[in-house]
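Here is a short report on the ligand sites of one structure. Look at the model first, then read on.

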Amino acid sequence: MASSQIFVVMVTLVTLLIPTNSLLTPHFYDNVCPQALPVIKSVVHQAILKEKRIGASLLRLHFHDCFVNGCDGSVLLDDTKNFTGEKTAFPNINSIRGFSVVDDIKAAVDKACKRPVVSCADILAIAARDSVAILGGPQLFYNVLLGRRDARTASKAAANSNLPPPSFSFSQLISNFKSHGLNVRDLVALSGGHTIGFAKCNFFRNRIYNETNIDPSFAASLRKTCPRKGGDNNLTPLDATPLRVDTTYYTDLVHKKGLLHSDQQLYSGKGRESDKLVELYSKSPLAFARDFKASLIKMGNLKPLTGTQGEIRSNCRRVR
Ligand code: HEM
Ligand SMILES: *[C@@H]1O[C@H](CO)[C@@H](O)[C@H](O)[C@H]1NC(C)=O
Ligand SMILES: *[C@@H]1O[C@H](CO)[C@@H](O)[C@H](O)[C@H]1NC(C)=O
């Protein structure tokens, strides 16, 4: 064998032996259903035209799916006799939304493909990617990795223990993300998901009445729509531009205008690694786009079911 051939063989072997997340591939549906991705994008686009917030809700669904036993569509399952699902867990109840858009996407993509070939877990990954690109522009578009299969079960207990609550401190956030194989950079970049969407008063009431690392006039204006008692469901934007994927979330943090306790934990002004990243992203939309996309791909790789594991659901709310 010529040395160049030996080199090719070695590279191939190394590629096969090093465990990567290459179980997923951007080309998974290219042959089996080339219409799948354009159809999903068009339903997401329609849904956002109808209600701009839905892009945020779809992004959050993907996050809440991936952080609970991996990106396996478990968040979409309704309760059954066999298990209590994730929809009624504390971080999700009366909060997570977008299920009917997922149903619409599933119906449209199964019709276009003439059979159920696209998993609900992949639908969430694609819908999150499309929402971010539609609300943020082409520099936020990335090739989403595909080939996830759907779980046959879901767990309320796992959702309660694996999703971070907004009361978490910096070190709790770090260790929660670490438990999912995500580092400080991923934490700061992915928290940028809060560049879009809204939060309910009960999730930030303690912050606006009790905390000191908050801009006083920002806190005062929030108290008008979020009273000490009542108004639990009143919505407030997570950053000053809740319908645009941009870097306002980070400039808000630098100015002590983070809405959630957990948001402001990322910026202490003391020069920690996370402070430096918040400052970087606040100044550089390009750096944010680069790292947000990379971390979303990393999050999308969390423990996928592949090959013959799990199933492809025909209704995202139910196992087959
Ligand atoms: C770092 C830990 C995180 C905590 C503690 C947290 C907590 C929360 C809370 C409390 C809300 C408001 C829910 C409501 O009022 O109904 C929210 C909304 C949201 N979160 Fe997070 N989150 C975190 C990370 C993430 C990540 C990693 C993403 C995605 C990459 C994300 C995306 C969103 C979006 C888009 C919304 C708005 C949803 C909507 O308007 O429907 N969050 N989050
Ligand atoms: C519950 O589990 C049993 C055994 O795995 C299965 O046969 C049945 O279809 C499941 N029921 C529901 C409602 O998912
Ligand atoms: C402020 O903190 C006190 C003491 O922890 C607590 O009892 C109270 O409920 C908090 N206020 C709000 C509005 O959350």
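## Ligand sites

His-194 sits in the loop that joins α8 (184-191) to β1 (198-200). Helices (H or I, at least four residues) and strands (E, at least two) are DSSP runs, numbered from the N terminus. This is a predicted model, in which local features need pLDDT of at least 70, side-chain atom pairs count only at pLDDT 80 or more, and totals for chains, interfaces and linings use all residues. Residues are numbered from 1 along each chain as its sequence is written, chains are lettered from A and ligands numbered from 1 in the order in which they are written, and side-chain values use heavy atoms, with hydrogens and water left out.

What does His-194 do at the iron atom of ligand 1? Its NE2 is the only protein donor there, at 2.1 Å. Donors are N, O and S atoms within 2.8 Å of the metal (3.2 Å for Na, K and Ca); water is not among the atoms, so sites may look incomplete.

Ligand 1 has 27 residues around it. The closest are Arg-53, Ser-57, Ser-95, His-194 and Lys-200. A residue counts as near if one of its heavy atoms lies within 4 Å of the molecule. By class, this shell holds 16 nonpolar, seven polar and four charged residues. Ala, Val, Leu, Ile, Met, Phe, Trp, Tyr, Cys and Pro count as nonpolar, Asp, Glu, Lys and Arg as charged, and the others, Gly among them, as polar.

Which element gives the most to the shell around ligand 1? It is α3, with five residues.

The table lists polar contacts to both ligands (pairs of N or O atoms within 3.5 Å).

| Protein atom | Ligand atom | Distance |
|---|---|---|
| Ser-95, polar side-chain atom | ligand 1, oxygen | 2.6 Å |
| His-194, polar side-chain atom | ligand 1, nitrogen | 2.9 Å |
| Lys-200, polar backbone atom | ligand 1, oxygen | 2.6 Å |
| Asn-206, polar side-chain atom | ligand 3, oxygen | 3.4 Å |
| Asn-210, polar side-chain atom | ligand 3, oxygen | 2.2 Å |

Key. Polar contact = N/O pair within 3.5 Å; in protein donor to acceptor, adjacent residues only side chain to side chain.
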